[in-house]
Amino acid sequence: MKAVIPILCLLSVAFVIPVQAQTTSEFGFQIHPEKLLENTEGIIQVFVTSNELMVPKQIDNLQAISSDNEIIEILDIVDGNDQFSKNVLVKAKKPGITSIALAAPGFSSKEISIEVSNNNNHPTQILMKTTPEKFPIDGPKFGYVAIELATTGGLPTIAPEDISISLETPNNDVIKLKNSEVVISKGEYYVLTEFEIIGTGDAIIFAETEGMNKISSIVNVLEATKPLQLQLYVYPKYFNSYSATTGYAIVQLIDGEGVPVLAEENIEINLEVENPDISINTSHDFEEITFEKKKLVIEKDSYSDYTKFTPRPNLGEFTDQAEQSYNMFISTDDFLTKGDSFTILHDEIGALEGEGPSVTEVLPFLTSGKQEIIAVTYYETEIEVSRQTGGSTQGTTNRELVSVTVPVKAKENHEINISSSEIDTVNPINPIMQKGESAVVVFGQTGTVAPEETMELYITDNEGVKTEQANPIGPVENDIELIVEPLIPMILAEKEFPTIAFLEDGSADEAEEVETTTEDDEDEDPRLGATPFIDDAILTFSANEFVDTDSETITKNQPYAVMSMVSKELGTSKLSFQMSGFDGETDIVSHTTDPSEMFLSYPKNILSNSKTSATVQLLDSIGNPVYSKEDMKIKLVSNNEEVVKIPNEIIIEKGEYFTTFELEAINEGKIELALLSENFDLSKYDINVVDVSPILTLDLGGTMNYNERIEAKLSVSIPEITTSLSGFEVEWLVDGGEVRQFDEVTNADGIAIMNVIANDKEQVKITVLVSGNGLSSSELSKTATILNMPIAEVIEDSNEEQVVEQVLPMDTNTLIFIIIPVAVGGTIFFLKRTDRLYTITEKIPIGDKIEEIKEKISDIRDR
């Protein structure tokens with residue numbers, strides 16, 4: 001007997017792919033319109049988002065709460081124009097800022113900040129600007145205050161009537177207001193006044209008018225480096241008590257670094273001379289030194305004063321010393337002082353006359369643009385004199401020759417020629433040395449800048465030309481910048497406005513260096529800031545379509561130049577200016593309460609094959625929402641109509657401030673959407689359409705046996721987002737099996753399941769087609785090979801006497817050959833010994849099958 005050996009096959013097909021991890025969903029939103037006006041209604045479009053992409057997932061049981069119902073009231077929550085978004089209907093009730101809290105099951109809660117604006121053209125507040133805001137110690141001594149009317153939105157507006165404004169400051173020791181009350185006249189929108197600098201420190205200016213909030217502005221007047229002191233200079237240093245020569249005492253106010261500084265108020269100074277030997281004469285009216293004036297005054301906004309002095313004639317008769325040193329000192333209130341000294345020789349020599357030789361002592365001076373003391377020139381020479389050195393020997397006095405410095409008097413009036421290497425810094429005024437005098441103070445007409453390098457003075461006397469290095473203190477021209485800016489806080493379009501021009505020392509350096517400073521920077525140079533114009537010049541402006549202005553004549557040492565300009569159009573323009581070595585540009589920004597801008601609000605990314613809302617609203621020049629004064633047609637133009645479908649034209653009706661329309665995304669891509677309307681600048685926006693295709697995984701589970709259930713499990717995920725998707729439409733195609741049950745859409749976890757019974761084919765092919773949710777469709781197929789298919793059985797007699805062909809009856813439970821070869825038995829024995837049989841029989845009921853086979857063999861034998 002020959003038998004066909006049956007083969008037991010175990011087949012399992014499963015594709016195991018991890019399902020996308022589940023995370024808490026995030027809210028996305030878009031407000032329509034994005035900027036709300038009081039007493040109007042709007043919509044907050046809420047959707048699911050991940051990685052800035054809209055996720056096509058439903059939001060169930062959305063809750064929205066306003067933190068302030070007086071500002072924003074929640075009216076209702078309704079479905080959006082698609083099945084995935086929700087619209088929160090709100091009413092903006094009054095101006096202010098509040099927040100809307102969003103929450104829903106399975107979502108992270110979110111808080112949205114919303115500002116409600118008001119719209120009116122009436123003045124509800126005042127604005128203030130002070131110029132300059134910072135004053136250096138050597139700069140201009142007055143500034144400007146501008147007060148301006150504005151709407152609640154902060155735009156300049158015209159006064160409907162005369163409006164009186166009060167000004168005050170508690171810092172009357174720092175500044176003095178020119179006016180305590182100013183008036184913005186009907187039809188105007190600003191007023192200017194001035195303040196005077198009278199001290200140092202910070203000063204605050206308050207402005208107030210009826211029905212509006214009180215406002216303030218701070219002025220910073222820099223202080224000189226402490227401590228301030230009075231420095232005395234005495235020239236010449238040598239006098240002769242028998243020649244009746246004169247000298248000069250000069251007092252300067254200097255800062256802690258030894259640099260002259262302008263006095264904030266008059267400083268009265270007393271001069272005194274210390275008697276080297278008071279025992280010589282005890283009479284109170286005996287004065288060794290006589291002064292032209294003993295009381296000096298450094299006047300406010302100056303830094304020096306001087307006087308002439310003369311030692312008493314024949315002073316040597318009152319001492320037996322050959323020479324004496326005298327200390328001259330000064331006394332005053334509230335300042336440190338530093339004196340000087342000089343020497344009087346008591347040698348009985350006659351007066352020397354001539355035109356030299358000269359000595360010039362330079363003094364530090366400010367480039368103030370005024371006449372300042374720059375030096376003292378005096379005549380003196382060295383001679384040898386015979387002086388007694390002790391007692392006498394045999395009636396002869398012991399003497400020795402000594403070199404001494406003695407003054408030389410001018411034989412007649414004559415001019416001393418002094419010139420400068422930097423005439424723009426100082427132009428010396430040639431002094432006249434009077435007959436019989438030996439010293440003279442040198443003045444110079446100072447400029448307003450100091451040289452970058454050292455400068456020299458050239459003095460001509462009877463010995464030729466002598467050179468001395470001068471000591472000017474002032475701004476360096478390369479460090480100065482020309483500033484041009486409006487004097488008022490904001491410019492009203494098509495109206496006149498004031499502009500100021502001034503020089504600022506230190507601006508060029510600050511532009512080149514980036515330093516970290518604190519509010520209380522002790523290293524700040526108090527000499528940097530506004531400085532007078534350094535030369536006569538003409539300030540000119542380049543042609544500009546937005547601003548109408550004229551040139552301005554500038555005078556040397558002028559602190560400011562104030563000009564009137566006219567704003568011709570609404571918008572922003574760079575106004576270029578030039579002035580003898582200086583140039584630059586300033587931003588001129590004009591505003592209006594009328595609509596001046598179209599603004600589009602829309603989701604950042606839109607899914608292809610979906611629809612969403614977009615809103616166009618009107619804004620004023622600073623971005624506040626504003627109503628249309630007439631029906632306004634806006635044309636919408638896309639540079640690619642195959643990506644997004646949009647209406648050709650929309651209308652914002654008179655009395656409204658926005659309109660909403662639909663964006664229909666067709667294909668993936670990016671478009672530029674242009675908004676065009678008469679009397680408005682072109683507005684352009686980029687809209688991005690994203691085509692996201694779902695990633696499918698298909699797992700096949702079950703025994704894969706004939707006439708048994710196969711479970712097909714579909715999972716949907718998208719790499720671009722981290723939120724699982726639901727609601728996808730699933731189309732199942734099955735070849736080789738009988739469909740028993742299937743899901744038409746994915747569930748909340750993005751899963752759909754179908755059950756199939758294998759029928760008469762050896763393979764079952766399952767295909768899924770997934771679409772919807774605004775995403776591109778995707779397709780995936782899997783094939784399962786079926787095990788234990790029914791087959792024909794042939795029984796052959798070993799003696800070849802009889803061939804019996806028997807087809808075993810088939811049922812739904814088993815198909816197997818009727819003869820079990822010894823090999824199968826051996827295999828089962830092996831599996832049992834290795835403890836693997838139980839595992840297999842758990843999955844495939846082999847024991848039951850064997851029992852059934854035994855019964856069938858028994859039946860055959862009985863027949």
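Predicted model: local features only at pLDDT ≥ 70, side-chain atom pairs only at ≥ 80, totals over all residues.

User: How many salt bridges does the structure hold?

Analyst: A salt bridge is a side-chain nitrogen of Lys or Arg within 4 Å of a carboxyl oxygen of Asp or Glu. The structure holds 21 of them. One is formed by D340 and K237, with 2.6 Å from N to O. This pair links distant parts of the chain, 103 residues apart: D340 lies in strand 28 (residues 340-345), and K237 in the loop between strand 19 (229-235) and strand 20 (238-240). Strands here are DSSP runs of E with at least two residues, and helices are runs of H or I with at least four, numbered from the N terminus.

User: Which residue forms a salt bridge with K308, and is E437 buried or exposed?

Analyst: K308 is bridged to E437, the closest N and O atoms being 3.9 Å apart. E437 is buried at 18%, and K308 is partly exposed at 22%.

User: What about the salt bridge of K466 and E463?

Analyst: Their side chains meet at 2.9 Å, N to O. K466 is partly exposed, at 23%, whereas E463 is exposed, at 56%. Salt bridges can also join into a network, as with D138, D255 and R527.

User: Which side chain of opposite charge is nearest to D620?

Analyst: For charge, Lys and Arg count as positive and Asp and Glu as negative; His and the chain ends are not counted. D620 is buried yet has no salt bridge, and the nearest side chain of opposite charge is K35, 7.6 Å away. D620 sits in the loop between strand 54 (610-619) and strand 55 (632-638). The side chain of D620 reaches the backbone nitrogen of I622 at 3.1 Å. Contact means heavy atoms within 4.5 Å. Not counting residues up to four places away in sequence, D620 touches several residues, including L155, T592 and V626.

User: In what order do the five strands of the open sheet lie?

Analyst: Two strands pair if DSSP finds at least two bridges between them. The order is 53-60-59-55-57, with mixed pairing. Strand 53 (605-607) and strand 57 (649-652) stand at the edges with a single partner strand each, so one side of each is left without a neighbour in the sheet.

User: Which strands run parallel or antiparallel?

Analyst: Strand 53 and strand 60 (residues 683-690) pair in the parallel sense over three bridges, and L607 has V690 in strand 60 as its bridge partner. Strand 59 (residues 669-676) and strand 60 run antiparallel, joined by seven bridges. Strands 59 and 60 form a hairpin with six residues between them, and N679 in the turn has a positive phi of about 70°. Strand 55 and strand 57 are antiparallel as well, with four bridges.

Technical notes: Residues numbered from 1 in each chain as written. Heavy atoms only, no water. Buried < 20%, exposed > 50% of the residue type's maximum accessible area, 1.4 Å probe, protein only. Polar contact = N/O pair within 3.5 Å; in protein donor to acceptor, adjacent residues only side chain to side chain.
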